[in-house]
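Keep the viewer open as you read.

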Amino acid sequence: MKALSIQQPWAWLIVAGLPILQSVPVPDSRPGTTRVEWLGKVARKDVENRLWPLPKDFQLPQRIYIHAGKREDKNALKALLDMGFAAFPILALFDKGMPKGALIGEVDIISCVTESESPWFCGPYGFVLSHPIPYDKPIPYRGQLGFFEVTIP
């Protein structure tokens with residue numbers, strides 16, 4: 001099966017996502033007092049942006065491994081805050097030590113687009129993702145550029 005190496009936290013956001021939180025007023029307390037509640041939903045990254053389209057021989061849909069690269073995107077925290085995600089789950093995500101240099105899950109690539117309504121799309125090409133599955137235990141594996149074949153003994 002093919003794999004694609006993606007920097008953290010983007011790889012994690014594809015397979016596991018971020019919990020969606022909202023501030024809720026606390027009844028019988030000072031005006032303006034709120035608490036944060038989980039809405040029971042998770043925001044998963046549904047588009048992987050690339051400078052290049054899918055290879056011509058790439059069959060759609062196709063299931064691939066998501067490989068978490070060894071490097072972290074230093075601009076991700078600001079980008080996620082700018083997208084309107086709550087700071088707490090983002091900071092918790094970074095604090096917990098996301099796996100790196102490992103296969104962390106699987107996803108289907110169902111399309112390649114040059115335009116999208118998805119808040120995750122910034123192009124010029126976007127691989128549209130579906131049916132993510134995170135692994136309970138990361139599988140250490142060396143990444144490569146582009147798509148690469150993975151054989152797990």
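Which residue does arginine 63 form a salt bridge with? Its partner is glutamate 106, and the closest N and O atoms sit 3.0 Å apart. A salt bridge here is a side-chain nitrogen of Lys or Arg within 4 Å of a carboxyl oxygen of Asp or Glu. This pair links distant parts of the chain, with arginine 63 in strand 5 (residues 62-72) and glutamate 106 in strand 6, 43 residues apart. Strands are DSSP runs of E, at least two residues long, while helices are runs of H or I of at least four residues, and both are numbered from the N terminus.

Before going on, a word on where this comes from: it's a predicted model, in which local features need pLDDT of at least 70 and side-chain atom pairs count only at pLDDT 80 or more, while totals for chains, interfaces and linings use all residues. Residues are numbered from 1 along each chain as its sequence is written, and side-chain values use heavy atoms, leaving out hydrogens and water.

Back to arginine 63, whose side chain also meets that of aspartate 108 in a salt bridge (3.0 Å, N to O). Arginine 63 lies in strand 5 and aspartate 108 in strand 6, so this pair ties together parts that are 45 residues apart in sequence. How open is this spot? Arginine 63 is partly exposed, at a relative accessible area of 22%. Glutamate 106 counts as buried at 19%, and aspartate 108 is buried too, at 16%. For the cut-offs, buried means under 20% relative accessible area, exposed over 50%, and partly exposed in between (1.4 Å probe, protein chains only).

The structure holds 6 salt bridges, so let's look at another one. The side chains of arginine 50 and glutamate 48 meet at 2.9 Å, N to O. Arginine 50 is buried, with a relative accessible area of 15%, and glutamate 48 is buried at 6%. Salt bridges with shared partners join Lys45, Glu48 and Arg50 into one network.

Last stop: serine 118, in the loop between strand 6 (102-113) and strand 7 (125-140). Is serine 118 buried or exposed? Serine 118 is buried, with a relative accessible area of 12%. Leaving aside neighbours within four places in sequence, serine 118 is in contact (heavy atoms within 4.5 Å) with Asp46 and Val47.
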